[in-house]
Amino acid sequence: MSTIANTIFSPEMAARFDKLVTIYPVRRSALVPMLLYAQDDLGYVSDAAVAEIALRIEILELDVRNVLSYYSMLRTKPAGKYNVQVCTNISCMLRGGYEILDHCKHKLGIGHKEVTPDGVFSLEEVECIGACCWAPAMQINYDFHDDLTPEKVDVLFQMYKDGQGKDVK
Amino acid sequence: MPDVTFTVDGNKLTAPAGTLLIEACKSAGIEIPAFCYYPGLSLQAACRMCVVRIEKMPKLQTACTTPVAEGMVVQTETPEIAQARKATLQLLLGNHPLDCPVCDAGGECELQDMTFKYGAADSFYAEPKNHREEQKWSPVVYFDRPRCILCYRCVRMCGEGMDVFALGIQNRGSSSVIAPNVPAQMSPDDLAHVDCEQCGMCIDACPVGALTSGTYRYKTRPWEMNHVATVCTHCGDGCKTTLGVRSTSDGAEIVRGDNRDKSGINGDFLCNKGRYAFDFANSPDRITQPLVRNSSGVLLPVSWEQALEHVGKKLRELRDTRGGKSIGVVGGNRLTNEEAYLLQKFARTVLQTNNIDHHRTADYVSFAQALAGTTGKAASQRDIEKSPAIFIIGGDPTNQNPLTAWNLRSNVRLNKARIYIANTEEIKLRRNAKAFLHVAPFGYSALADLMSGDDSTLESLVQPGTNKQVALDFRAALRAEEEVVVLIGSELRGGDLKKVIEFGTKLPGRKFALLSDYVNSRGAADMGLLPDMLPGYTPITAGSNLATEYNIATEPGLDMLEIFDAAGKGELSALYVVGANPVARFGVDPAALRNTFVVVQEMFLTETAALADVILPAANLYEKSGSVTNSYGDLQQVNKAGDRAGVRTDFEMIVRIADKMGANMRALVPFGKGLHADMGQTRGAQSGEADRHAVWLTANNLEPRLSPFDPMAILDEINRLVPGYSLLRLQLLSGNDQHLSPAAPSDLVQITNRRDLVLPANDGLFTSGTLGRYSAMLADLQQNAASRTAAAEQTAAD
Ligand code: SF4
Ligand code: SF4
Ligand code: SF4
Ligand code: FES
Ligand code: FES
């Protein structure tokens with residue numbers, strides 16, 4: 001049961017949020033996890049989500065936006081069904097991360113933070129994703145793919161296109 | 001706290017432990033540059049400009065966050081520090097355009113000064129600057145993003161200082177940006193806006209020209225103005241405001257209002273009205289020529305001489321034929337004390353009538369009577385800044401007395417003051433209160449009972465359905481406080497007001513204040529613009545000093561409503577209105593004044609002026625000199641800033657009319673002391689000059705008050721005769737406030753059963769009585785607020 005009337009989230013998510021605000025010493029600590037869950041639920045953090053989260057945490061919408069805009073992993077616009085995040089930080093850069101990124105751009109026909117017209121893929125250049133040992137690496141939604149080569153990327157994209165990739169959210 | 005001793009740049013200094021190094025240095029005359037530090041707001045340490053070298057500490061330290069310690073040895077200006085500051089500046093200038101020649105802040109900018117001092121204008125950064133167009137966040141707040149150095153002063157000022165929280169910071173690193181609370185995508189015009197109180201405090205706090213003011217931007221440069229410290233004409237809080245004035249072809253125009261002179265009772269603060277709503281003075285709608293109605297009923301411009309001659313002759317005729325009692329006088333709430341005093345003296349001694357009143361925005365008569373016979377029981381605005389506990393009954397300071405609200409919030413934030421609020425509305429200040437008692441509609445009388453220990457009316461006090469224990473707990477908490485300022489809203493009056501005060505005066509450590517609208521509402525009452533009270537709340541019936549001195553009839557005159565009733569019955573031969581709009585305020589039927597000779601001193605063609613037979617164009621408070629008294633009884637000096645050709649001060653007009661009536665001028669205005677002054681010479685708008693001249697003359701043992709147009713001559717008389725107004729002359733003239741507490745003389749008979757004529761004005765943030773209607777900026781802000789509300793309702797409905 002949701003404490004917010006007309007919640008925009010699914011009943012499960014709403015229930016989760018109800019609990020979330022109770023488990024920290026201060027209510028506002030629930031802000032960042034709540035934003036992440038909201039993004040997973042809706043694909044991005046919409047204005048309506050901002051409004052409801054502000055209400056739930058009992059802070060101003062402005063406060064929510066201040067935090068939301070700080071983190072580059074939080075989006076305010078929809079991403080593709082599969083969000084491809086290519087690392088170009090030092091280890092990956094040294095092991096060909098930029099080639100992988102360029103390959104993705106070429107292959108998908110989109111640039112940084114763009115979405116393919118069919119809405120299946122979106123592309124992002126990101127900082128270190130903690131997979132340096134197996135660089136170059138990328139993350140598609142919450143799934144990691146490492147030791148990449150352009151060929152491997154092609155296989156991966158085909159796999160996702162065929163609906164065989166894990167759609168972890 | 002005990003004092004500690006430390007060394008700065010080789011000087012031995014002492015300061016209380018806990019003092020911030022930057023403050024300790026400032027007190028000792030050592031300047032440490034700072035961008036993000038702002039006294040009274042939380043510490044940020046964002047800019048690194050204040051770095052100093054402290055012995056035995058690794059790295060340079062920020063003076064704005066370091067408390068002084070015993071034996072500390074500090075260097076504030078070494079090549080190492082200069083280099084660090086220069087590097088900091090280069091970073092801050094990374095996106096900054098250094099467009100000082102066109103920037104509003106140019107000449108008053110902390111960044112400009114520092115860039116100049118440390119020579120950091122050229123930089124090693126080759127990256128292109130990140131330019132953004134300026135944004136109009138509201139009619140008064142503009143944002144030029146590239147100039148912002150991200151010091152967070154505005155964010156803290158708006159949040160901590162104003163309790164509005166309309167500004168935030170978004171993004172990260174070099175793309176960080178100050179953002180207002182209405183994002184572009186949520187605004188009907190797709191532009192970002194602030195939905196806020198429009199106080200402009202963020203603009204004042206901004207160390208650079210990133211936030212600029214809608215009224216001032218791109219109009220002039222700071223060094224092209226004269227800066228005159230005077231008192232805001234709007235609410236009764238009495239903020240000192242510095243007006244930036246520039247000469248024009250027909251006088252002097254006010255271009256800016258701010259609080260550069262932080263010496264006043266308002267310290268840092270000004271609300272939007274003090275800051276922006278001076279524009280009525282520059283309005284093209286102002287009347288600048290005397291107008292007299294001709295035989296066919298048309299108002300025609302005439303010369304001053306003709307107009308005054310006409311008024312003098314008519315008033316004398318009517319007084320002599322129909323008697324002084326057939327004449328009514330209405331004074332205003334924005335007159336100086338000297339003018340108000342002179343007006344009632346003129347009415348009583350020259351017009352020979354006690355039919356004099358003003359729009360009473362709070363019941364100061366009951367207030368003074370309730371405090372009769374006590375001393376030190378009246379609170380000053382200064383008490384709100386530091387009293388450990390404040391009890392607010394009624395009122396809505398946030399909207400009606402913004403400085404009071406600011407002082408309350410600062411007191412809570414900086415001194416942990418405890419605020420107790422009892423109100424029929426859920427006023428915003430309850431957010432800062434320790435306890436809030438939601439009083440049932442019309443429950444103030446029951447509240448007064450409760451406070452005086454009578455629980456019988458408890459039922460009608462609390463909101464229906466609430467536990468009565470809340471009220472009892474509230475009282476218990478309040479009683480436990482040793483020192484309390486009781487702040488009373490203007491809706492409390494008469495018996496209720498007296499009940500609250502009379503009980504409170506019996507408790508130790510209680511002080512009282514009654515809030516009101518308009519700069520000199522309190523002064524108007526203090527100065528006796530009342531039918532039954534002489535100045536200082538001296539009942540007219542008694543043989544007081546004043547009555548003897550004036551040698552007048554001791555029968556109370558007609559009050560405001562009776563004056564217009566008399567007019568309706570054809571018994572009012574003349575009505576003299578000075579700076580007031582009773583026709584609109586009291587809904588007077590214009591037909592009632594058909595057979596009355598009406599003289600109005602006004603700036604604009606108000607509802608009252610439109611009915612006048614003679615309109616005399618008046619100067620406003622920003623164009624005259626004298627003194628005013630705020631709601632608390634704090635007396636302050638008013639200085640002439642603006643000027644408009646063709647208008648005269650109310651003081652001068654009263655004097656001239658009296659002269660034309662053949663009055664004994666020396667008895668009316670005690671000037672000259674034996675010297676013969678030149679009555680024909682007008683000082684008019686120059687009366688400020690006369691004041692300063694008089695100070696010099698007094699100081700040199702020469703003869704001051706050479707002319708009857710010198711308000712200081714009346715101030716002398718106020719000082720001599722008005723109970724409670726024994727003021728400190730030097731304190732006044734040096735621009736400081738002083739607290740006066742005229743209490744009704746307790747040995748005199750008090751009149752009971754007075755008619756309740758108090759009509760609180762309830763002006764909010766964007767209104768200011770009749771005057772406010774002539775401020776284009778206030779009109780803009782009202783419209784802006786209305787469109788925000790409409791947009792919000794739209795979203796809520798979606
Ligand atoms: S004008 Fe006042 S209320 Fe509005 S954003 Fe600035 S500080 Fe805040
Ligand atoms: S707008 Fe002004 S006060 Fe606000 S952060 Fe920028 S420089 Fe500082
Ligand atoms: S608080 Fe009152 S006196 Fe102060 S600036 Fe605002 S209107 Fe003027
Ligand atoms: S640098 Fe790419 S995963 Fe760490
Ligand atoms: S003033 Fe000290 S860091 Fe900004």
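**Reading a buried strand and its surroundings**

Analyst: In S21(B), the side chains of B:Val484, B:Val486 and B:Ile488 point one way and those of B:Val485 and B:Leu487 the other way, and all are buried (under 20% relative accessible area; exposed is over 50%, partly exposed in between; 1.4 Å probe, protein chains only). This is a predicted model, in which local features need pLDDT of at least 70, side-chain atom pairs count only at pLDDT 80 or more, and totals for chains, interfaces and linings use all residues. Residues are numbered from 1 along each chain as its sequence is written, chains are lettered from A and ligands numbered from 1 in the order in which they are written, and side-chain values use heavy atoms, with hydrogens and water left out.

User: Why is S21(B) described as largely enclosed?

Analyst: In a regular strand the side chains alternate between the two faces of the sheet. Strand S21 covers residues 484-488 of chain B, and five of its five residues are buried, so the rest of the structure largely encloses it. Strands here are DSSP runs (E, at least two residues) and helices likewise (H or I, at least four), numbered from the N terminus.

User: Which strands pair with S21(B)?

Analyst: Pairing requires that DSSP finds at least two bridges between two strands. Strand S18 (residues 389-393) of chain B is parallel to S21(B), with four bridges; one of the pairs is B:Ile393 with B:Ile488. Strand S22 (residues 510-514) of chain B also runs parallel to S21(B), joined by five bridges, and there B:Val485 stands opposite B:Lys511.

User: What unit do S21(B), helix H16 and S22(B) make?

Analyst: A crossover is right-handed if, with the strands pointing away from the viewer, the path from the first strand over the helix to the second runs clockwise. With helix H16 (residues 494-506) of chain B between them, S21(B) and S22(B) form a right-handed β-α-β unit.

User: Which residues of chain A does UniProt list for "binding site"?

Analyst: UniProt positions are given in the numbering used here, feature names are shortened, and annotations may be inferred rather than shown by experiment. The unreviewed UniProt entry lists A:Cys87, A:Cys92, A:Cys128 and A:Cys132. These residues are spread over 46 residues of sequence but cluster in space, the largest C-alpha distance being 9.4 Å. A:Cys87 lies in strand S1 (residues 82-87) of chain A.

User: Is A:Cys87 buried or exposed?

Analyst: A:Cys87 is buried, its relative accessible area being 2%.
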